[in-house]
Amino acid sequence: MSASVVSVEGVGKRYRLRHRHETERYATLGEAVVGAFKAPFRRLSGARLPAVTTDDFWALRDVSFRISEGEVVGIIGRNGAGKSTLLKILSRITEPTTGRIVLGGRVASLLEVGTGFHPELSGRENIFLNAAILGMSRAETARRFDEIVAFAEVEQFLDTPVKRYSSGMYVRLAFAVAAHLEPDILIVDEVLAVGDAAFQKKSLGKMHEASRSGRTVLFVSHNMAAVGNLTSRCVVLSAGTVAFDGAPAAAIEHYMQSGQRPSGPAVANGRGPHTAVMRARLLNSAGEGTDIYQPGTPLRIEVVFETDGTPRASLEAFLIDAVGQKLALASLHQFHGVTLPSQRGRFRTVLDLEPMWLASGSYSFDVTTSIVNSNWDHYVEGLIQFDVTGSNPGGQAWDFRHSLGYGALAMSCARMPEFLAERDGR
Amino acid sequence: MTIIIEPGRAAAHYWRDLWRYRELMYFLAWRDLSVRYKQTAIGVAWAVLRPALTLLVFVAFRRMAGLRQSEVPDVVLVMAAVLPWQFFSSALSESSASLIGNTGLISKVYFPRLIIPVAAIATAFVDFLITLGLLAGLMAWYGVAPDARLLALPAFVLLAAVLSLGLGLLLAALTVTYRDFRYVVPFVVQMGLFVSPVAFATSQVPERWRQVYALNPMVGIIDGFRWSVLGGQAPLAPAFLVSSVALSLGALVVGAWYFRKTERGFADAI
């Protein structure tokens, strides 16, 4: 085993959270001043005022691993597991609170394709600008210019401002610049979620090539097929710590099965401007709460919500798989023309959804209220969590698991196929 | 090449990285320049038109207020002050807004953040050069010839750059956490125009106010400009110059110190 080029030891990152009734993005001097004056009175007047408290939140805690030269390592984990924070620390955008990282070479990170692209500038100008941002010298860029353009397939549009590009062209150009960097360590986050299939294939090829030429690649993706194909090892992050570190197949398996299951009925926090999703649960055939869904039976979800009587409100639910991919949508208004009651109050409803043959695995529902054709009103992620523990529409012994990577839905035949003999030729 | 990342360690490679990323600074300045007049009908003419209009307003003001008492033509006297003032004010406005104008970059890519406000000042400097041409034209038209004092001009330009960079660094870093400063800067720039000797000469300020007046670092810079451009027809009091140099260097030290101190939290706070 060759020497490690990335060595991460006991890295932690703490964020200070300020809590108030609503999270605010902007701090102002006034808030700081008013807060300082209010603080003593708040204790006297009890807890009625919106309290501003700080809370420590460890986005990463004691994370350690080593990566050898030329390894392609996948980093997987649920949303909020700390992947982005880890990448930000590795790419030096933010500092760790504890620990130590030693990087043995030049690092280039692609935390989002097209960083620094300016819509008014032409493709040609953006290539040079973007390359400089990613740490490439002008001479180096000039040398690889033709290659970049050919890779991105934008020859005819080189002198067009990128604001006139289609989103596909934009992404191709951005990835092309990044792909032609020659760092010792390349950090890639989610770029493969974009572009058409042919371009994705090309991008994967480029990354393969990078690793063959001895470069180390850190790859973060929700695309398990890509992770499985591309990486030689995977680190699974869960709640800010390393939950698993090993072969990709085992890591993916681990990741798929490590659904965090909150106990008790799921209660939502916060509320939207007009409505609030209060709580929701999955019901079994007897109308009791459950967290196991029997595939092929009606999928019933019960939602309790409040509304101020706003007339054009609807209720939606997204079915999400263990990887965070949205699989299906249920919408009262878009699919059934139904809106929420136009009187103020708290209501309970049951969405009685058609049976589905979901693969075995962990799933969740995002539940949201919305203002029709306008915006989400109160979007609650992962409000309902449930499992499918065995799936086979034909009742065979073989368990169709989501983690196999064959998809999330079993398509069963409505009637058994017949085999009719057909003569070759005529 | 080995990079070590530890809490509080960011400083270790800072100056080396700053040098390594110098091309990025050039590209950012170039980007701002080439984007600035995109989709405007008259394009780069704005760089001349804006100071020209300011000049007109002030010359008209001087006529109305009966402030004409120098031997130098009004237009040249005012222009010699509009020039450094406009450089300072646009460098300050642009550098202090530069960090929040590049949020995407800061939260996605590493590079020494100092590059951003410095690039903003470089952008303002290019506008300054264009306006300098306007002044040269006016001087030729009115037959005002500079003498050897003109050689001191770069020093005063540098001083204006140092002052705007110092204040710009401080304000840019403050704006990341406190967006209030977005509203402070335009106000300061607006007020500064009236308390700096742009429409009038420092000699027209009453004697007893001179000491207070020396606290405005732009006084020494503007007077210095006039002194070096107008061939000795405008006086430069040493006290003003000393005060300007001291305040500009002070601003740079404080600005750079605060910027470096808060820089590592920019990506989290912005």
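Residues are numbered from 1 along each chain as its sequence is written, and chains are lettered from A, with ligands numbered from 1, in the order in which they are written. Because the model is predicted, local features need pLDDT of at least 70 and side-chain atom pairs count only at pLDDT 80 or more, while totals for chains, interfaces and linings use all residues.

**Exercise 1. Describe the make-up of chain A and of chain B.**

Solution. Begin with the elements, where helices (H or I, at least four residues) and strands (E, at least two) are DSSP runs numbered from the N terminus. Chain A has 9 helices and 18 strands, and chain B has 12 helices and 1 strand; from the N terminus of chain B, the order of elements is β-α-α-α-α-α-α-α-α-α-α-α-α.

Next, take burial, for which a residue is buried if 20 or more other C-beta atoms, placed from the backbone, lie within 10 Å of its own, exposed if 12 or fewer, and partly exposed in between. Of the 426 residues in chain A, 38% are buried, and of the 270 residues in chain B, 43% are buried.

Then turn to contacts, a contact being a pair of residues whose C-beta atoms, placed from the backbone, lie within 7 Å. If one takes the contacts between residues at least 6 apart in sequence, 72% of those in chain A join residues at least 24 apart, and in chain B the corresponding share is 82%.

Along the principal axes, the C-alpha atoms of chain B fill a box of roughly 65 × 45 × 35 Å.

**Exercise 2. Characterise the side of chain A that touches chain B.**

Solution. The count comes first: 37 residues of chain A are in contact with 28 residues of chain B. The elements of chain A that give two or more residues to this side are α2 (83-90), β4 (98-103), β5 (107-110) and α3 (123-133), and the largest share, 5 residues, comes from β4(A).

By class, this side of chain A has 17 nonpolar, 12 polar and 8 charged residues, where Ala, Val, Leu, Ile, Met, Phe, Trp, Tyr, Cys and Pro count as nonpolar, Asp, Glu, Lys and Arg as charged, and the others, Gly among them, as polar.

There is also strand pairing between the chains, two strands being paired if DSSP finds at least two bridges between them. β4(A) and strand β1 (residues 3-5) of chain B run antiparallel and are joined by 3 bridges, with Ile3(B) as the bridge partner of Leu103(A).

**Exercise 3. Trace the pairing of strand β17 of chain A.**

Solution. On one hand, β17(A) pairs with strand β14 (residues 313-321) of chain A in the antiparallel sense over 9 bridges, in which Ala317(A) has Val367(A) as its partner.

On the other hand, 10 bridges join β17(A) to strand β18 (residues 375-388) of chain A, again antiparallel, and here His378(A) is the bridge partner of Thr369(A). The hairpin of β17(A) and β18(A) has 3 residues between the strands, and Asn373(A) takes a positive phi near 60 degrees.

Technical notes: Two residues are in contact if their C-beta atoms, placed from the backbone, lie within 7 Å.
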